[in-house]
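I opened this model to look up its strands, its core and the contact between its chains. My entries follow in the order in which I made them.

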Amino acid sequence: MPKQEGTTPFQETEALYRRLIEDWVGEDGAVDPAAIEVPQCSVDRALLATPEQALARCNDAEVAIATTTFGALPDRFVAEPIPTQPVQPKPYELIVVFVPEKQNAAHSHIEVRQEGSAEPRKPKSVMKQRIRDEVAATMRVTHRKPP
Amino acid sequence: MTYFDPTCLQDIRAAGSSNVEYAGSQSAAGAPSATRAVPTHATHSVFALVVTKSSAAPRNIEAQPLQGRAVPDPTLHDRLRENGSTSNEIFPVDAVVARIRGFAGNGYRSSYGVAPGEWAIDTVTSIARMLCNSSLSEPRVVPMADGGISLVFSRAGRVARVDVTNEEDIVLTKRSNTELPPEYFEVARDDVARLLSEFFA
């Protein structure tokens with residue numbers, strides 16, 4: 001389970017919603033890793049939004065909502081050790097941060113940070129893709145706009 | 001009169017070429033009995049028409065090596081088919097390129113993130129052109145939410161993903177089996193075709 005920040009705690013079972021364009025809707029309800037932004041991925045939290053409300057925020061190209069839960073997200077990513085380097089890179093962590101906006105009270109971020117840092121940080125390419133894959137794997141397409 | 005066999009056109013279209021050069025000729029005595037299109041180079045959409053004479057036709061019409069082009073390799077198409085490919089798996093690169101370029105600027109329409117940048121668009125286009133005459137099937141083209149474009153190839157349960165980012169990285173992800181974790185590699189543009197061929201061989 002990831003760490004969290006913000007005034008209103010996330011419960012382990014709280015759902016998080018992300019809007020998808022058609023290209024990110026995979027087979028059998030899977031979500032394409034390209035849908036995941038690193039180091040900050042916007043989602044709507046279920047405490048303050050229903051999936052229908054999240055779907056209503058879709059622009060005309062966005063067609064579906066993917067759902068994950070706070071507790072399903074991975075928490076930590078350790079890079080492969082580099083034998084030639086005496087100091088190994090710090091692991092990356094996922095932090096879910098509640099950042100309400102004027103137009104969207106449910107707005108939150110899934111952030112990627114290097115361990116011990118308070119700021120989001122974009123990892124190097126291979127780690128970034130691994131994080132995208134693992135976050136997308138926790139998501140399923142749960143709601144679609146009517147045809 | 002220039003003779004053009006419809007079967008040949010089908011071969012060319014199946015092979016995804018929009019850059020067809022007809023190196024045939026004219027015949028006063030009759031149509032050639034057989035024509036076929038063969039790719040002359042694995043990474044370019046250049047074709048020669050190989051035309052053989054019929055018993056009724058007194059003249060032999062042959063393709064000449066195209067000036068400044070690769071020498072035709074009449075066995076390439078056959079070799080691709082022997083590797084499990086069908087002509088349908090040689091993808092229409094111009095359609096793929098149009099789709100890639102369609103995601104530039106306002107063509108990227110998600111409310112999240114940014115459109116693919118010029119480097120990513122040009123690099124993915126170049127990779128698609130390098131692969132179009134390989135035995136790979138047409139890839140899915142997917143814009144990335146944080147900038148970049150992915151090409152996703154799949155065959156017989158294997159999936160390879162080439163992610164080209166706005167940060168000018170190229171990452172190849174190979175997944176042979178859903179039960180096993182994927183493998184990730186940072187790769188150079190010119191290595192992508194070879195690595196994919198090895199993976200799908």
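**Entry 1: strand β5 of chain B**

I began at a turn: β4(B) and β5(B) form a hairpin with two residues between them, and B:Ala156 in that turn has a positive phi of about 50°. The model is predicted, so I noted the limits: local features need pLDDT of at least 70, side-chain atom pairs count only at pLDDT 80 or more, and totals for chains, interfaces and linings use all residues. Residues are numbered from 1 along each chain as its sequence is written, and chains are lettered from A and ligands numbered from 1 in the order in which they are written.

For the element names I used DSSP runs numbered from the N terminus, with helices being H or I of at least four residues and strands being E of at least two. Strands count as paired if DSSP finds at least two bridges between them.

Strand β4 (residues 148-155) of chain B runs antiparallel to β5(B), and eight bridges join them. In this pair I found B:Ile149 opposite B:Val164 of β5(B). On the β6(B) side, six bridges join β5(B) to β6(B), again antiparallel. There B:Val164 stands opposite B:Ile170, and B:Arg161 has B:Thr173 as its bridge partner.

How many residues of β5(B) are buried? Six of its eight are, which leaves the strand mostly covered. I call a residue buried if 20 or more other C-beta atoms lie within 10 Å of its own, exposed if 12 or fewer, and partly exposed in between, with C-beta atoms placed from the backbone.

**Entry 2: the sheet and chain B as a whole**

I then traced the sheet: it is open, has five strands in the order β3-β4-β5-β6-β7 (chain B), and pairs antiparallel. Its edge strands are β3 and β7 of chain B, each pairing on one side only. The twist averages 20° from one strand to the next. Helix α4(B) lies across β4, β5 and β6 of chain B and runs at about 25° to β4(B). For such angles, axes are lines fitted to C-alpha atoms, for helices over the stretch in contact, and the angles run from 0 to 180 degrees between N-to-C directions.

Chain B has five helices and seven strands, in the order α-β-β-α-α-α-β-β-β-β-β-α from the N terminus on. Of its 201 residues, 35% count as buried. Contacts here mean C-beta atoms, placed from the backbone, within 7 Å. Among those in chain B between residues at least 6 apart in sequence, 60% join residues at least 24 apart.

**Entry 3: the core**

Which residues have the most contacts inside the largest nonpolar core? They are A:Leu20, A:Ala35, B:Ile100, B:Val124, B:Ala128, B:Ile149 and B:Val162, in a core of 67 residues. Helix α4 (residues 118-131) of chain B gives the most to this core, with six residues. A nonpolar core is a set of buried Ala, Val, Leu, Ile, Met, Phe, Trp, Tyr and Cys residues joined through C-beta atoms within 7 Å.

I listed the neighbours of B:Val162: leaving out residues up to four places away in sequence, it touches B:Ile127, B:Ser150, B:Leu151, B:Ile170, B:Leu172 and B:Val192.

**Entry 4: where the chains meet**

The contact takes 19 residues from chain B and 18 residues from chain A. On the chain B side, the elements giving two or more residues are β3 (140-143), β5 (158-165), β6 (170-175) and β7 (183-186). By class, that side has eight nonpolar, six polar and five charged residues. Nonpolar covers Ala, Val, Leu, Ile, Met, Phe, Trp, Tyr, Cys and Pro, charged covers Asp, Glu, Lys and Arg, and the others, Gly among them, are polar.

I also checked helix α2 of chain A, where the buried residues include A:Met127, A:Ile131 and A:Val135. Their cover includes β5 (76-77), β6 (92-98) and β7 (107-114) of chain A together with β5, β6 and β7 of chain B.

B:Glu168 has a positive phi of about 70° although it is not a glycine, and it lies in the loop between β5 and β6 of chain B. B:Glu168 counts as exposed because it has 12 C-beta neighbours inside 10 Å.

A:Asp28 is also not a glycine and has a positive phi of about 55°. A:Asp28 counts as exposed, with 6 C-beta neighbours inside 10 Å. The loop that holds A:Asp28 runs between β2 and β3 of chain A. A:Pro39 lies in the loop between β2 (15-21) and β3 (40-45) of chain A, and a cis peptide bond with omega of about 15° joins A:Val38 to A:Pro39.

Notes:
Contact = placed C-beta atoms within 7 Å.
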